[in-house]
Amino acid sequence: EDKYIDKILFNEDLTLEEKIIQLLMLSRSTAERLNFYKEIYNNIFIEEPDNILDLASGLNPISIYFSEKKPKKYYYVDISEKILDINYKILKEIGIDNEGWLIDLLDPDKRIFKHYQYIFFWKIFPLLEKYDYYAPRNLIANLDFDYLIISFPQKSIGKKRNLGLAWRYKIKRFVTYKLKYNIVKEFDIPYEYFIIVKK
């Protein structure tokens, strides 16, 4: 809730790191990554990061605090103004130039189709596919990037079904056979699998 979030943001007794940790704990996806962000970014940043576009970002952008390498500019997209405001405030405190856009990925605009060095497409594929089977495929096919980092859950919400192998096959087949892109690295953390794609 907004009041709870504001208590974290404006609590002068909390350090910046403590605020970031408490905010990341509010979402299942970021909470699951919390102990692994340093490892994730060490794997992702094949080249020194200059700019990032984070699609359907949630509060993920503030996790860049835990990366040894910081981008000069961080762009992020979400459908919540509150999320955009939090990201802007925290990234400013970290010292990263940033910009957030209120965009629904089912109806994207041209801003996300500019060239970006790194594009994060984390856990979006399964979600978009539920609404429109072709939406995540069309989106990926039209993105312009040096590196696209796609992630997907390895377990169902209840963590009873293993989804990893099915998604791994589906996404790898799409980007390599359909789009003719190259997969340069794959790695996983508990509950999440990452594929790094290069054009």
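Predicted model: local features only at pLDDT ≥ 70, side-chain atom pairs only at ≥ 80, totals over all residues.
## Charged pairs and aromatic rings

K172 is partly exposed, since its relative accessible area is 27%.

What does K172 pair with? It forms a salt bridge with E186, and the closest N and O atoms are 3.2 Å apart. E186 lies in strand β6 (residues 182–189) and K172 in helix α8, so the pair ties together parts that are 14 residues apart in sequence.

Is E129 buried or exposed? At 15% relative accessibility, E129 counts as buried, while K170 is partly exposed at 30%.

A further salt bridge joins the side chains of K69 and E48. K69 lies in the loop between β1 (51–54) and β2 (73–78), and E48 in the loop between α4 (37–44) and β1, so the two tie together parts that are 21 residues apart in sequence. K69 counts as partly exposed at 32% relative accessibility, whereas E48 is exposed at 55%.

| Salt bridge | N to O distance |
|---|---|
| K172 and E186 | 3.2 Å |
| K69 and E48 | 3.6 Å |

How many salt bridges are there in total? The count comes to 15. Some of them share partners, and in this way R28, E32 and K123 are joined into one network. As a general point, side chains of opposite charge can pair when their charged atoms come close.

The side chain of Q117 reaches the backbone oxygen of E48 at 3.0 Å. Q117 lies in strand β4 (residues 115–122) and counts as buried, because its relative accessibility is 8%, under the 20% cut-off. Setting aside neighbours within four places in sequence, Q117 is in contact with several residues, including E47, P49, D50 and N51, as well as F145, D146 and Y147.

Now for the rings. A pair of aromatic rings is described by the distance of the centres and the angle of the planes. The whole structure has 17 aromatic pairs. In one of them, the rings of Y41 and F45 have centres 5.6 Å apart and planes at 15°, so this pair is stacked. Y41 is buried at 1% relative accessible area, and F45 is buried at 4%. The rings of Y133 and Y134 have centres 5.1 Å apart, but their planes are at 90°, so they pair edge-to-face. Y133 is partly exposed at 44%, and Y134 is exposed at 53%.

Which residues do ring pairs link into a cluster? Among them are Y41 and F45, together with Y37, Y74, Y76, Y118, F120, W122 and Y147.

Two lysines bring charges and rings together. K198 lies over the face of Y147, at 4.8 Å from the ring centre. K199 lies over the face of F145, at 5.3 Å from the ring centre.

Methods. Residues numbered from 1 in each chain as written. Heavy atoms only, no water. Helix = DSSP H or I, 4+ residues; strand = E, 2+ residues; numbered from the N terminus. Buried < 20%, exposed > 50% of the residue type's maximum accessible area, 1.4 Å probe, protein only. Polar contact = N/O pair within 3.5 Å; in protein donor to acceptor, adjacent residues only side chain to side chain. Contact = heavy atoms within 4.5 Å. Salt bridge = Lys/Arg side-chain N within 4 Å of Asp/Glu carboxyl O. Phe/Tyr/Trp six-rings, centres within 6.5 Å; stacked < 30°, edge-to-face > 60°. Lys NZ or Arg CZ within 6 Å of the ring centre and 35° of its normal.
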